[in-house]
Amino acid sequence: MRVTVVGSGYVGTTLAACLADAGHDVTAVDIDPDVVAAINDGRAAIHEPGLDDLLAEHAGDRLRATTEYDGVPDADVTFLAIGTPSRADGSIDLGPLSAAAEMTGEAISTATETAEPTAADRHLVVVKSTITPPGVGEIREALLAGAGDAADRVELATNPEFLREGTAVDDFRHPDKLVFGTDSDWAVDRLEALYEPLLVATDADVPVVRTDPETAVMIKYANNAFLAAKISLANDLGNVCKRFGIDAYEVMDAVGLDDRIGAQFLRSGVGWGGSCFPKDVDAIRSAAREAGYEPPMLEAAVAVNDSQPERMLELLDSHVDVAGERVAVLGLAFKPGTDDIRNSRAIPIIEGLQARGAEVVGYDPVATDTMRERFPDVAYADSAAAALDDARAALVVTDWDEFAALGDAFDAMAEPVVIDGRRVIERRDGLTYEGLTW
């Protein structure tokens, strides 16, 4: 099939590359000429394992990128994968997505018109962006306004993504579920045809949820809100365990054996960050308030998450006054496998250390350059061992595998104090070690 993907961020680039890999002819559209040039050169503008390989294989063949909407009229399906940034009150800004929807409609209107639209003349536009249920109508209005007289040829659907940064390519290839939001049987058929190569290649029987557009996008918010709340509950219980001198991980290992709960997302620590959980939980909280409901469980989930970095700093305070001392922050990305620092727990950790007068040195395998833009006054090391050299303390914020193998590198610290927020460092003689919830 011929597919256009409007927006080449994390979701759009992964979607375009994976659809090309599934055998479709894909045109990626983005307003940033540098992003377009990178894709056409077979490179991703983001760090995502496996993505560069797909782009290198398919760029110039089944995948091309452009700043124009010229591929839209001839496409069988057009995806909108434009970011929906958060406003100060937590609500999402639909402006960029609405503009892209209107331009998509305008591009569709340039297609050859016939007296009566046939199945071949109809155009399916799929919202991949994360939007709240009330936002579906706003995007539909923008799309149809752009389409003008061709509005009766346009079908709108929603198809939320459930990709995790760091494993996005694998998540696309092996989804837990596919969610199709549309009131049109024709649109469902087209989406099923689009994803058929993926379903055939997947060994597991992937559930396909067919529902209306608003319910589909709510599924995405409910999914992320539940996971965020589960992590915060694990952290809250972990904080209680810490007060009792109990290892929260031993407790949660047993709790996870209950098939009503499951073992995933029970690893307590410094909290969740990134672009999805904070943004999506804030957005659904804001949308709920606009509808006249205060969601206390979600409010509590955010409050617990926001408190974890300060709890980590308080543990540090109990062992050393870091004013004027060199302190290493190991891990700057919000999770391993990505260079994304959005809502990284390292940000409040660094701010807290600076407020205490510490000389901060940071290290991350891939996120140093992006964090340097946020904190240009912080020193950055080329390796974890270099960051630890002569440091008075170290805080482990991201659970990169290489941190578990540091071993003797801690010997280079001055009276070493390690506060571990991710349970990746082993206790050892000569090391003052504190786990955040164990």
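Residues are numbered from 1 along each chain as its sequence is written, and side-chain values use heavy atoms, with hydrogens and water left out. Because the model is predicted, local features need pLDDT of at least 70 and side-chain atom pairs count only at pLDDT 80 or more, whereas totals for chains, interfaces and linings use all residues.

The largest nonpolar core holds 54 residues. A nonpolar core is here a set of buried Ala, Val, Leu, Ile, Met, Phe, Trp, Tyr and Cys residues joined through side-chain atoms within 4.5 Å; buried means under 20% relative accessible area, exposed over 50%, and partly exposed in between (1.4 Å probe, protein chains only). Within this core, Leu-330, Leu-353 and Phe-403 touch the most other members. At least two residues each are supplied by helix H11 (296–317), strand E9 (326–330), helix H12 (346–355), strand E10 (359–363), helix H14 (384–388), strand E12 (393–396) and strand E13 (417–420). Helices (H or I, at least four residues) and strands (E, at least two) are DSSP runs, numbered from the N terminus. H12 gives the largest share of the core, five residues.

Contact means heavy atoms within 4.5 Å. With neighbours within four places in sequence left aside, the contacts of Leu-330 include Tyr-363, Ala-384, Leu-388, Leu-395 and Phe-403. In H12, the residues Ala-346, Ile-347, Ile-349, Ile-350, Gly-352 and Leu-353 are buried. The cover over the buried residues of H12 includes H11, E9, E10, helix H13 (368–374) and E12. Just after H12, Gly-357 has a positive phi of about 85 degrees.

Residues up to four places away in sequence not counted, Thr-13 touches Gly-7, Ser-8, Ile-39, Leu-51 and Leu-55. Lys-230 lies in helix H8 and, at 15% relative accessibility, counts as buried. Beyond its neighbours within four places in sequence, Lys-230 is in contact with Ile-261, Gly-262, Gln-264, Phe-265 and Leu-266. The C-alpha atoms of Lys-230 and Ser-129, which are 101 residues apart along the chain, are separated by 24 Å.

The structure holds 25 salt bridges, a salt bridge being a side-chain nitrogen of Lys or Arg within 4 Å of a carboxyl oxygen of Asp or Glu. One of them joins the side chains of Arg-2 and Asp-76 at 3.6 Å, N to O. This pair links distant parts of the chain, 74 residues apart: Arg-2 is in strand E1 (residues 2–6), and Asp-76 is in the loop between strand E3 (63–66) and strand E4 (77–80). Arg-2 is partly exposed, with a relative accessible area of 45%, whereas Asp-76 is buried at 16%. In the salt bridge between Arg-260 and Asp-258, the closest N and O atoms are 2.6 Å apart. Arg-260 is exposed, with a relative accessible area of 72%, and Asp-258 is partly exposed at 22%. Lys-279 and Asp-280 form a salt bridge of 3.9 Å, N to O. Lys-279 is buried, with a relative accessible area of 16%, and Asp-280 is buried at 3%. Salt bridges that share partners join Asp-282, Arg-285, Arg-289 and Glu-299 into one network.

Ile-246 sits in the loop between helix H8 (213–244) and helix H9 (248–255) and is partly exposed, at 37% relative accessibility.

Zero disulfides are found in a search of the whole structure, a disulfide being a pair of cysteine sulfur atoms within 2.5 Å. The cysteine sulfur closest to that of Cys-18 belongs to Cys-276 and is 16 Å away, too far for a bond. Cys-18 is buried, with a relative accessible area of 4%, and Cys-241 is buried at 10%.
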